[in-house]
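Here is a short briefing to read alongside the model.

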Amino acid sequence: MYTYIKDNLNEVKDRIATAAIKSGRQPEEITLIAVTKTLSLDVINAAMALGVTDIGENKVQEVMDKYDHVLNEPKWHLIGHLQTNKVKYIVDKVSLIHSVDSFRLAEEISKRCEKAEKIMDILIQINVAEEATKFGISREEIFELLNKFLSFLIYVLKA
């Protein structure tokens with residue numbers, strides 16, 4: 001029914017394998033994240049049946065709407081902008097947040113994860129192009145944010 005999904009998935013896996021080998025890595029070291037924004041549950045589940053293990057969503061509401069209806073219990077990734085007031089809805093659902101753009105957001109994630117007894121992997125979002133319409137910290141803010149993270153980590157380790 002969804003043969004195009006199988007064909008596209010095979011093409012992407014071949015490209016990943018080629019790029020991995022070219023860079024001296026093994027294809028198995030690469031995680032394919034299927035971004036499913038705006039896709040129906042039927043399409044997502046067809047991809048899951050073909051071996052997709054990680055799903056990326058742009059919006060918290062999309063994660064919430066799809067979370068209980070996707071096969072095979074995938075690893076969920078939030079790849080879009082995250083507001084501090086929505087952290088509480090996803091900390092128990094996602095395994096990686098790709099879009100941390102402030103210390104305040106990181107603190108909220110930490111607070112919510114502590115309550116859930118969970119450690120959350122995060123990525124810092126940097127607006128390298130410095131586009132006003134994009135989220136992320138500026139290149140100039142990177143070291144300041146990393147220093148705050150370091151001081152926070154030291155505080156946590158001492159506690």
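**Strands, crossovers and salt bridges**

Strand β1 (residues 33–35) pairs with β2 in the parallel sense over three bridges; two strands count as paired if DSSP finds at least two bridges between them. This is a predicted model, in which local features need pLDDT of at least 70 and side-chain atom pairs count only at pLDDT 80 or more, while totals for chains, interfaces and linings use all residues. Residues are numbered from 1 along each chain as its sequence is written, and side-chain values use heavy atoms, with hydrogens and water left out. Helices (H or I, at least four residues) and strands (E, at least two) are DSSP runs, numbered from the N terminus.

**Strand pairing around β2**

- Opposite D54 in β2 stands I33.
- β2 is also joined to strand β3 (residues 75–78) by four bridges, and these two run parallel.
- I55 has W76 in β3 as its bridge partner.

**Crossovers**

- A right-handed β-α-β unit is made by β1, helix α2 (residues 41–49) and β2; right-handed means that, with the strands pointing away from the viewer, the path from the first strand over the helix to the second runs clockwise.
- From β2 the chain crosses through helix α3 (residues 60–66) to β3, and this β-α-β crossover is right-handed.

**Burial of β2**

- In a regular strand, side chains alternate between the two faces of the sheet.
- Strand β2 (residues 54–57) is covered on both faces: D54 and G56 on one side are buried, and so are I55 and E57 on the other.
- Buried here means under 20% relative accessible area, exposed means over 50%, and partly exposed lies in between (1.4 Å probe, protein chains only).

**Salt bridges**

- A salt bridge is a side-chain nitrogen of Lys or Arg within 4 Å of a carboxyl oxygen of Asp or Glu, and by this rule the count comes to seven.
- E62 and K66 form one of them, with their closest N and O atoms 3.1 Å apart.
- These two residues, E62 and K66, are four apart in helix α3, so about one helical turn separates them.
- E62 is partly exposed at 25% relative accessibility, whereas K66 is buried at 5%.
- E108 and R112 meet in another salt bridge (2.8 Å, N to O), and both lie in helix α5 (residues 103–116), four residues apart, about one turn of the helix.
- E108 is buried, with a relative accessible area of 14%, while R112 is partly exposed at 24%.
- Salt bridges with shared partners link E57, E62 and K66 into one network.
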